[in-house]
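Hi,

Here is the structure I promised to pass on. Could you load it and keep it open while you read my notes below?

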Amino acid sequence: MNRISEVFAGILSMGGAAAIVIAAVLLIRMLMKRFPRKYAYLLWLIVGIRLVCPVAVTSSLSLFNLRILPEKSNFAAFGQKEEVVPAEKISLGAGLPEGTAAGQGRVREEIREDKKAAEDISLHGQVPSAPDPSDPNSGSPTVFPEILQPAALVWLTGIALILLWNIYVMLHMRRRLRNAVLYRENIYQCSGVASPFVAGIFRPRIYIPFHLGETEENYILRHERYHIRRGDHLIKIAAFLILTVYWFHPLVWVSFFCMVRDMEMSCDEYVLVSMGQDIRDEYSRSLLAFATNRRRPSMSLPAFGESDTGKRIRHILNFHKKGKWMGMFAAFIVLAAAVVCLTNRMTEGGEMEQSLAAASTEVHGYEITGTLDAAEKGEALESVEEQVRIGFWRPEDGEAEPHYYEPGGGEAEQLKQLASKLDPDNGCTEAMEKKLQKTKTTGYVISYKGNVWTVYTGGYVAFLYGGEEEDDPEETAVMYLPELCQELERICREELDYERIEPSQIKNVISAEISYKYIRNKSDEKTYRQTLTEKSKLKILENILSNAEDIQGSSACPFGTAVLKLQLENGKEIQLTWGDDSCRVIRINGIYYEYEDRYLSFSPHGIRALFDKIPWRDMEK
């Protein structure tokens, strides 16, 4: 199901970018009204490529350089995959703070040491590529998982219904064509045909009714043969399949019907030019006569009397042969439209988006791209530190470093105003310390002006680390800022779909999948996976995990090699990272819990023994 949701999210992303392209093509098509219709027909190939192809090169001429869609957020969307530029990574800092002020200070000292060591060397980090609605290559849009999964099911249902209906219509048409008789070549006559059309893929046939006049038959066959020569019967089937995938997208429906109209009008123009005489009146009467008896087969069959008969007749009656210069100018417009619409935007610095593989600097989760000298790095870091950022831990990875989300627009200004009250020199009173011990960590942090604060339930924040050694307070600062905490909670819930999940919610597990990375040495690394569905084993796992207790702080246990995905009977999915040594610690959405398991390795009642296909490293009993 997750795979289907990912595919649907990708379709949404590509559809969003294609909407801008469709609007541009409709505008260009309107401006090309007096040009030969075959060039307008070519424009729809651009839309088709954009809807199908997930990759594109970048260009300074790209339509998306106009910033028609909103800017991308400076974070990898929660619940989405990240594309990273492989590079050597140095980890700075660690996890969440411990629940006491003393613990806060100890964590801060460890992070300061890491920072000093990192400043002495050249750092190269990994640069996440954040989803960009104006760039279909950038991954999926930010869609809440609880909405995405049911929406993906509706999407698949729509595809199935459209395909089933058209299969039924095609079978019905096939029964009507059983009595067709060969006229000549690939032309068949049939009494059940109300209008001439082309059917078939590899050996297309032309079906016409009986008793057509000689002149009428001549230009009708020219029309249908031109369809076959251009491959219109294949193009229309491909367009119909694309429409089936994007059935929820109104602009794709508009594109399909406009493409069909341009296809037919371009065939009409070919017939009028190739006949060598003025047959506009006769041609229009035939078109009208067949349209009044139009059959309704499938949307994938090119047919003579199909698609906006009134507009086609007006176009035929007003048709005049165009000069060669108009064709050359129209071809140039189509080529320019392809360059503009089929390329992606460039980055702010004027470099191509592929150049993100350049060196980068990573400090406490901040990512500064580009090749910078020491002064430029300092300026860039200072600029980043002025921003309000929310650090959170993705449930499906085991990284110690948080991912940072930076709100934009008015939301950022409001958050910055609330964060301005943060004061690392505030200190921590004994009364505040007692109040803090009655709260719990939320699983996310806030970063502002180079200082990082842990957020607790009940409206409290505690200083974690930040600034230079001489600027650090002598004791941990704890502040009561309920308005700031409420806004942070709202953003995490609404924008990131980030929530606190208690182990007690682990009930009625129907499947458990472990992903375990076994690292023997730097050159020997392999990932193993195993899924449990046996009820008795799931019950043991459920009993152990559901009774885990909040340890009110961080853990020194190594994380990052074991990720467990639990599917509950109510449809909810819980992902957690797992301390992969003798620790009895799990992490769910950035919050650490300790569980009881006396049998770490060998007992059939132990949690690791349940996953017997995984080559666990040697553990203590």
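Helix 7 and helix 9 cross in a right-handed sense (right-handed if the near helix is turned clockwise from the far one by less than a right angle, left-handed if anticlockwise). Helix numbers count from the N terminus, and a helix is a DSSP run of H or I with at least four residues.

On the helix 7 side, Arg261, Glu264, Met265, Asp268, Glu269 and Leu272 meet Lys311, Arg312, His315 and Ile316 of helix 9; contact here means heavy atoms within 4.5 Å. By class, that contact has six charged residues, three nonpolar and one polar (Ala, Val, Leu, Ile, Met, Phe, Trp, Tyr, Cys and Pro count as nonpolar, Asp, Glu, Lys and Arg as charged, and the others, Gly among them, as polar).

A word on provenance: this is a predicted model, where local features need pLDDT of at least 70 and side-chain atom pairs count only at pLDDT 80 or more, while totals for chains, interfaces and linings use all residues. Residues are numbered from 1 along each chain as its sequence is written, and side-chain values use heavy atoms, with hydrogens and water left out.

Helix 7 also holds Leu251, which is partly exposed at a relative accessible area of 28% (buried is under 20%, exposed over 50%, partly exposed in between, with a 1.4 Å probe and protein chains only). Leu251 lies 232 residues from Ala19 in sequence, yet their C-alpha atoms are 6.5 Å apart. Leaving aside residues up to four places away in sequence, Leu251 touches Ala19 and Ile22.

Now for the other helix pair. Helix 2 and helix 6 (residues 232-245) pack at about 40° with axes 11 Å apart, and are therefore oblique to each other. Their crossing is left-handed. Tyr41, Gly48, Leu51 and Val52 of helix 2 make the contact with Asp232, Ile235 and Ile242 of helix 6. Five of these contact residues are nonpolar, one is polar and one is charged. Buried residues of helix 2 include Tyr41, Trp44 and Leu51.

Happy exploring!

Conventions
Helices (H or I, at least four residues) and strands (E, at least two) are DSSP runs, numbered from the N terminus. Axes are lines fitted to C-alpha atoms, for helices over the stretch in contact, and angles run from 0 to 180 degrees between N-to-C directions. Angles under 35 degrees count as roughly parallel, over 145 as roughly antiparallel, 65 to 115 as roughly perpendicular and the rest as oblique.
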